[in-house]
Amino acid sequence: MDSTQLLKGVLDMAVLAVVHDEDGYGYDIVRRLRDSGLEGVGDASVYGTLRRLYAAGALSTYVVPSEDGPHRKYYGINAEGRALLTRQKATWSQFSATVSELVGTATAPTLAPIQTRAIGAK
Amino acid sequence: MITADSTREAVHSFAQSVRDALADLPADEIDELTDGLEADLAERADELGGTDGFGDPVAYADELRASAGLPDRAAAGRRATPPELRALVVARGRAAASAVRGNPFGAWLIDLLVSLRPVWWVLRGWVVWQLCGALFFHQLYAFLPLNAGLAPDPVPAALLLALVLFSVQWGRGRWMPGRWARGLLIALSAVSILAIPFVLAWAINASWSAGYAQSSTDVSMAEKIPMPTPTPTAAPTHVAYGIEGGYVHEYTYAADGTLVSTGPVRDEYGNPLRVAPEPAATPAATPAATPPATPPATPSK
């Protein structure tokens with residue numbers, strides 16, 4: 001199965017989850033997503049998603065100047081973003097359980113393993 | 001360090017290409033999308049050991065745009081579809097026309113050209129008729145399909161009338177059965193415009209030739225004199241003319257130089273052709289002639 005199509009549907013939630021853990025700048029967020037198992041995620045897709053979530057009011061942003069190069073733009077989650085993440089988690093949980101039951105795999109005890117298996121599967 | 005400088009240069013160049021590919025968006029939107037892009041790219045270049053793995057900046061920009069929920073690149077950035085192209089051409093034409101109409105002379109010129117459209121319709125029909133004549137009938141006329149007696153040739157004349165009629169009707173937007181007719185009309189108009197100089201040149205040439213032939217038959221008696229025809233039994237023959245007693249004589253020789261026939265050259269009334277005043281002593285009817293023994297280069301007395 002082409003995981004990039006699945007990734008498109010959950011990228012908002014994945015980005016929100018990463019930023020929820022800790023504020024980060026664009027490439028930092030990309031790296032953390034890849035380290036979590038989403039190796040196929042594209043830089044530009046993450047930057048665009050950050051921009052969209054910021055425009056939707058789910059993220060706040062601030063610029064950190066850099067001494068040895070261009071400045072970095074950091075993103076942090078706000079109350080609205082946290083509420084959005086909670087709703088998306090619930091939707092995902094229900095959806096993945098339904099699909100897992102449909103295709104006959106073992107029911108998932110937690111959210112994380114399913115997410116990794118469904119999206120990160122190469 | 002040269003490597004760091006060149007990497008920074010490559011990062012900057014890539015970021016600029018991405019911004020160029022987003023140029024159809026509002027400026028503040030581009031800033032929001034690409035703010036911090038250089039820092040992110042530089043960090044990635046450090047990890048990759050260079051900028052070779054960045055890929056295509058346009059594809060990068062498209063991905064950025066799509067994931068940010070922004071619309072696809074505007075029509076200007078991609079190949080326009082035929083209807084868009086057509087609309088663009090029409091819009092440009094209208095803009096140009098209104099610009100020309102802006103000054104009094106331009107307005108006067110456009111009005112003049114618009115009122116001259118029927119002339120163009122007739123001209124187009126005539127040019128297509130000339131092309132048809134040349135292509136299908138291998139016949140070149142001057143300006144009108146007239147034969148040598150200045151009477152209209154029926155078939156070409158009917159064709160000319162029909163083509164001019166169609167050209168005028170199509171110019172008025174009538175008799176257009178479908179879109180293909182409009183396409184055909186545009187193609188024919190283009191061909192006509194290209195062919196005008198050539199068709200005009202040959203029509204003028206043809207009318208001059210016809211006029212010359214007409215005037216020369218009117219004034220010259222010589223062309224109406226029955227010309228000697230080679231006798232089939234003695235071919236090939238040589239014909240020489242000489243003047244004997246003021247009358248033009250014709251001498252026909254066989255190939256071996258023997259005289260085959262001789263006689264006076266007569267005009268259209270059957271009278272011997274005289275080049276000098278009639279001598280008083282010689283009878284006018286049939287003057288005696290003494291032919292030269294061999295074909296003379298320039299016959300003389």
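Predicted model: local features only at pLDDT ≥ 70, side-chain atom pairs only at ≥ 80, totals over all residues.

**Exercise 1. Decide whether Glu43(B) is buried or exposed, then find its salt-bridge partner.**

Step 1. Glu43(B) has a relative accessible area of 11%. Buried means under 20% relative accessible area, exposed over 50%, and partly exposed in between, with a 1.4 Å probe and protein chains only. Glu43(B) is therefore buried.

Step 2. A salt bridge here is a side-chain nitrogen of Lys or Arg within 4 Å of a carboxyl oxygen of Asp or Glu. Glu43(B) pairs in this way with Arg31(A), and their closest N and O atoms are 2.2 Å apart. This pair crosses between chains, from helix α2 of chain A, where Arg31(A) sits, to helix α3 (residues 37–48) of chain B, which holds Glu43(B). Helices (H or I, at least four residues) and strands (E, at least two) are DSSP runs, numbered from the N terminus.

Residues are numbered from 1 along each chain as its sequence is written, chains are lettered from A and ligands numbered from 1 in the order in which they are written, and side-chain values use heavy atoms, with hydrogens and water left out.

**Exercise 2. Which residues form salt bridges with Asp43(A)?**

Step 1. Within chain A, Arg34(A) forms a salt bridge with Asp43(A), with the closest N and O atoms 2.7 Å apart.

Step 2. Asp43(A) has a relative accessible area of 4%, so the residue counts as buried. A pair that includes Asp43(A) also crosses between chains, from helix α3 of chain A to Arg44(B) in helix α3 of chain B.

Step 3. In that crossing pair, the side chains of Asp43(A) and Arg44(B) meet at 3.2 Å, N to O. Arg44(B) counts as buried too, because its relative accessibility is 14%.

**Exercise 3. Describe the interface of chain A and chain B by its contacts, area and charges.**

Step 1. Start with contacts, meaning heavy atoms within 4.5 Å. On this basis, 20 residues of chain A are in contact with 18 residues of chain B.

Step 2. The size of an interface is often given as the accessible area lost when the parts come together. Chain A and chain B bury about 1800 Å² between them, and 47% of that is on carbon and sulfur atoms. This buried area is the accessible area (1.4 Å probe) that two parts lose on being put together, summed over both.

Step 3. Turn to the charges: eight salt bridges are found across the interface of chain A and chain B. The side of chain A that touches chain B draws at least two residues each from α2 (26–35), α3 (43–55) and β3 (72–77) of chain A. Of these, α3(A) gives the most, with nine residues.

Step 4. Over all chains, the structure holds 13 salt bridges. One network of them links Arg51(A), Lys73(A), Glu29(B), Glu32(B) and Asp35(B).

**Exercise 4. How is the aromatic pair of Trp92(A) and Phe95(A) arranged?**

Step 1. Rings of Phe, Tyr and Trp (its six-membered ring) pair if their centres lie within 6.5 Å; planes under 30 degrees apart count as stacked, over 60 as edge-to-face and the rest as tilted. Over all chains, the whole structure has eight aromatic pairs.

Step 2. The rings of Trp92(A) and Phe95(A) are 6.3 Å apart, centre to centre, with 35° between the planes, and the pair is tilted.

Step 3. Both residues lie in helix α4 (residues 79–103) of chain A, three residues apart, about one turn of the helix. Trp92(A) counts as buried because its relative accessibility is 10%, whereas Phe95(A), at 51%, counts as exposed.

Step 4. For a second case, take Phe166(B) and Trp175(B): this aromatic pair is edge-to-face, at 5.3 Å centre to centre and 65° between the planes. Phe166(B) is partly exposed at 41% relative accessibility, and Trp175(B) is partly exposed at 45%.
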